[in-house]
Amino acid sequence: MNSGRLILAGAPLGNPDDASPRLRTALTECDLIFAEDTRRFRHLANDLGVTVSAQLRSFFAGNEQERAGELRQELLNGKVVLLITDGGMPGVSDPGYLALKAALEIGAQVEVIPGPSAVTTALTLSGLPMERFLFDGFAPRTAKARADYIHSIKSEVRAIVLFEAPHRTKELVNDLLGILGGERRIALCREMTKKYEEVFRGTLNELNSWVSQREILGEVTLVIEGAQLSEVAARTP
């Protein structure tokens, strides 16, 4: 058996016009597509005006282990397999790493189709210094683990990018305020590239007031200003 080819495809965050011509072509030429949400994928294909003839299977956090085994076998059978998530790049806070691992273990070809990134889009929108940054995915869910995490980044001088679920955003902002202080600057980017895109820029004091007055909906990305070197020096024994 000849090992096939795995294509890790970057998907639009929301606006289908951000899809590259290369992605459109790959969707029509691959043998099999693993998608994080098959319904959302069908909507994307429809928006792109692409007719997909490849077999479609789901590949999400709950079935990633099982599906990675299936994907491995399809690659061993010589198939061209495309993996796409709901937005951004597979494996970046989304399912994808196990698929890549399986492909590399059997010597399959791996191809990446670059695409939009919530991380770099939010950094650019933030208005904060972004020459160096730290991306940490989603903050811990439990109160203690979240507080411990925020303490661990308190002296980080690079900008910090976090994803958060809308229903946990107010708790995260409140904890950031309590630990980092009210004057630390921050940007909250919501529903980027979509119809109701919204960006808040200000201090943690201002953001805490802003989020407390509204329901937070959609996908949220936070960019936190890095600590000032003078603050770090003052805290160093």
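## Basis of the model

Residues are numbered from 1 along each chain as its sequence is written, and side-chain values use heavy atoms, with hydrogens and water left out. Because the model is predicted, local features need pLDDT of at least 70 and side-chain atom pairs count only at pLDDT 80 or more, whereas totals for chains, interfaces and linings use all residues.

## Overall architecture

The protein contains 9 helices and 10 strands; helices (H or I, at least four residues) and strands (E, at least two) are DSSP runs, numbered from the N terminus. Its C-alpha trace spans about 60 × 40 × 30 Å along the principal axes.

Of the 237 residues, 46% count as buried. Here buried means under 20% relative accessible area, exposed means over 50%, and partly exposed lies in between (1.4 Å probe, protein chains only). Among contacts with a separation of 6 or more, 74% come from residues 24 or more positions apart, a contact being heavy atoms within 4.5 Å.

Strand S4 (80-84) is mostly covered, with 5 of its 5 residues buried. Val 80, Leu 82 and Ile 84 are buried on one side of S4, and Val 81 and Leu 83 are buried on the other. In a regular strand the side chains alternate between the two faces of the sheet.

S4 pairs with strand S1 (residues 5-9) in the parallel sense over 5 bridges; two strands pair if DSSP finds at least two bridges between them. Strand S2 also runs parallel to S4, joined by 4 bridges. Leu 83 of S4 stands opposite Leu 8 and is also the bridge partner of Phe 34.

## Helices H1 and H2

In helix H1 (21-29), the buried residues are Leu 23, Ala 26 and Leu 27. They cover an arc of only 100 degrees around the axis, which puts them on the same side of H1; the arc is that of the directions from the helix axis to the C-beta atoms. These buried residues pack against S1, S2, H2, S4 and strand S5 (109-113). The face turned away from them carries the exposed residues Pro 21 and Glu 29.

Helix H2 (residues 38-48) has Phe 41, Leu 44, Ala 45 and Leu 48 as its buried residues. Their arc is likewise only 100 degrees around the axis, so they lie on the same side of H2. The cover over these residues includes H1, S2 (32-35), strand S3 (55-58) and S4. On the other side of H2, Arg 39, Arg 42, His 43, Asn 46 and Asp 47 are exposed. Asp 37 caps the N-terminal end of H2, with a side-chain oxygen 2.9 Å from the backbone nitrogen of Arg 39. After H2 comes Gly 49, which has a positive phi near 70 degrees.

## Glu 164 in strand S7

Glu 164 is found in strand S7 (residues 159-164) and is buried, with a relative accessible area of 3%. Its side chain is joined to that of Arg 168 by a polar contact of 3.2 Å. A polar contact is a pair of N or O atoms within 3.5 Å; within protein, one must be able to donate a hydrogen and the other to accept it, and residues adjacent in sequence count only if both atoms are side-chain atoms.

Leaving aside neighbours within four places in sequence, Glu 164 is in contact with Phe 138, Ala 139, Thr 169, Leu 172 and Val 220.

Most residues other than glycine have a negative phi, and most peptide bonds are trans. Ser 93, although not a glycine, has a positive phi of about 55 degrees. Ser 93 is placed in the loop between S4 and helix H4 (97-105) and is partly exposed at 32% relative accessibility.

Thr 193 is also not a glycine and has a positive phi of about 70 degrees. Thr 193 is placed in the loop between strand S8 (185-190) and strand S9 (198-203), and its relative accessibility of 23% counts as partly exposed.

## The largest pocket

About 570 Å³ of space lies in the largest pocket. On a 1 Å grid over the protein atoms alone, a pocket is an open set of points where a 1.4 Å probe fits, with protein on both sides within 12 Å along at least five of seven lines; lining residues have an atom within 4 Å of a point. Grid points are joined across faces, edges and corners, and the volume is the space filled by probe spheres set on the points.

Of the 27 residues that line this pocket, Gly 87, Asp 94, Ala 118, Phe 163 and Glu 219 are the closest to its centre. Helix H5 (118-126), S7 and strand S10 (220-224) each supply at least two residues of the lining.
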